[in-house]
Amino acid sequence: MKRYLILIWIISLTASLLSMQLQVVGEIITWPGCGPCLPARSALLQMYEDTENFGNLIPLIWVGSGNYTSPNTSQRRVLYQLSGIPYARWGGTLAYAGARDDVYEQYVQRYNQIANNPSPIQIALDYEITADGQLMITADVEMIQSITTTDNKIQFVVTYDLEEDMPGERYFANVLRYDADDFPLNTTGQTGRYTKTFDLEPWWNMAKANTVVIIQSFSDDKTIHQAASRRLD
């Protein structure tokens, strides 16, 4: 009986590891003064606030110009070969350009296409404010399953809620910090620790900032294998 119970525990643990929940990254590339961009961002915000139905959503808003231009926006445009704004990308693979009347329904459809997918990667995300006043993000990563994509990268992002700074614009998850490193892990059981340090702006309200880590292929179909987010205290 004892051996049977141990076997059941091992099977249960294995099943748990093999079904790590994918966190869905929903990205919008936008531009100040772009009329259709407002309903696109509003649709993403509506989903983000509906945690009961979209609890695995990690939103990113890439701003192409203005006072709060997001770093890496131009590279993101090239990566996704976008053809106009607003442009949304879900999980790195599913695209939607424009913002017609059914933009919310279109976003929900794409979220639901990947929200129940298992992830091959587990990410434990932490951060600290250093003695120098910088933000250091730490990601402990474990490969639950092997991956076959190439040119994989681990990306570090800091978003900031700008609703009060830009009334009506609803830049609630504006990317203000970005950096990336090569991600060499690809085999079940491999682990690694990755860190990145960013300067903080003196005007930031830390309660409005959020740290995000994304592991994504920059070749193939641009698959986001896993992501994690954590709001600053």
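# A walk through the predicted model

Helix 4 covers residues 103–114, which makes 12 residues. From its first C-alpha to its last it reaches 17 Å, close to the 16 Å expected at 1.5 Å a residue. The expected span is 1.5 Å times one less than the number of residues. Helices here are DSSP runs of H or I with at least four residues, strands are DSSP runs of E with at least two, and both are numbered from the N terminus.

A word on the ground rules. This is a predicted model, in which local features need pLDDT of at least 70 and side-chain atom pairs count only at pLDDT 80 or more, while totals for chains, interfaces and linings use all residues. Residues are numbered from 1 along each chain as its sequence is written, and side-chain values use heavy atoms, with hydrogens and water left out.

Stay with helix 4. Which of its residues are buried? They are Val103, Gln106, Tyr107, Val108, Arg110, Tyr111 and Ile114. Buried means under 20% relative accessible area, exposed means over 50%, and partly exposed lies in between (1.4 Å probe, protein chains only).

Next come the aromatic rings. Rings of Phe, Tyr and Trp (its six-membered ring) pair if their centres lie within 6.5 Å. Planes under 30 degrees apart count as stacked, over 60 as edge-to-face, and the rest as tilted. The count by this rule is 11 aromatic pairs. Take Phe183 and Tyr194: their ring centres are 5.7 Å apart and their planes stand at 45°, so this pair is tilted. Phe183 sits in the loop between strand 8 (174–182) and strand 9 (191–198), while Tyr194 belongs to strand 9, so the pair ties together parts 11 residues apart in sequence. Phe183 is buried at 4% relative accessibility. Tyr194 is buried too, at 13%. Elsewhere, Tyr68, Tyr160, Trp203 and Trp204 form one aromatic cluster.

Rings can also have a charge over them. The test is that NZ of Lys or CZ of Arg is within 6 Å of the ring centre and within 35 degrees of the ring normal. Arg41 lies over the face of Tyr171, at 4.1 Å from the ring centre. Lys153 lies over the face of Phe218, at 5.8 Å from the ring centre.

A salt bridge is a side-chain nitrogen of Lys or Arg within 4 Å of a carboxyl oxygen of Asp or Glu. How many does the structure hold? It holds 10. One of them joins Asp126 and Arg230, at 2.8 Å from N to O. This pair links distant parts of the chain: Asp126 is in strand 5 (residues 121–129) and Arg230 is in strand 11 (residues 224–231), 104 residues apart. Asp126 is partly exposed at 39%. Arg230 is partly exposed at 32%.

Another bridge joins Arg177 and Glu201, at 3.0 Å from N to O. Arg177 lies in strand 8 and Glu201 in the loop between strand 9 and strand 10 (209–217), 24 residues apart. Arg177 is buried at 16%, whereas Glu201 is partly exposed at 31%. Shared partners join Asp151, Lys153 and Asp182 into one network of salt bridges. Within it, the closest N and O atoms of Asp151 and Lys153 are 3.6 Å apart. Asp151 is partly exposed at 41%, but Lys153 is buried at 18%.

Now look at Ser217. Its place is in strand 10. Is Ser217 buried or exposed? Ser217 is buried, at 0% relative accessibility. The side chain of Ser217 has a polar atom 3.0 Å from the backbone oxygen of Thr150. That side chain also reaches the backbone oxygen of Ser219 at 3.0 Å. Leaving out residues up to four places away in sequence, Ser217 touches Thr149, Thr150, Asp151, Asn152, Lys222, Thr223 and His225. Contact means heavy atoms within 4.5 Å.

End at Asp233. Asp233 lies in the segment after strand 11. Asp233 is exposed, with a relative accessible area of 72%. Beyond its neighbours within four places in sequence, Asp233 is in contact with Tyr127, Met206 and Ala207. Asp233 and Ala209 are 24 residues apart in sequence, and their C-alpha atoms are 8.6 Å apart in space.

How values were computed:
A polar contact is a pair of N or O atoms within 3.5 Å; within protein, one must be able to donate a hydrogen and the other to accept it, and residues adjacent in sequence count only if both atoms are side-chain atoms.
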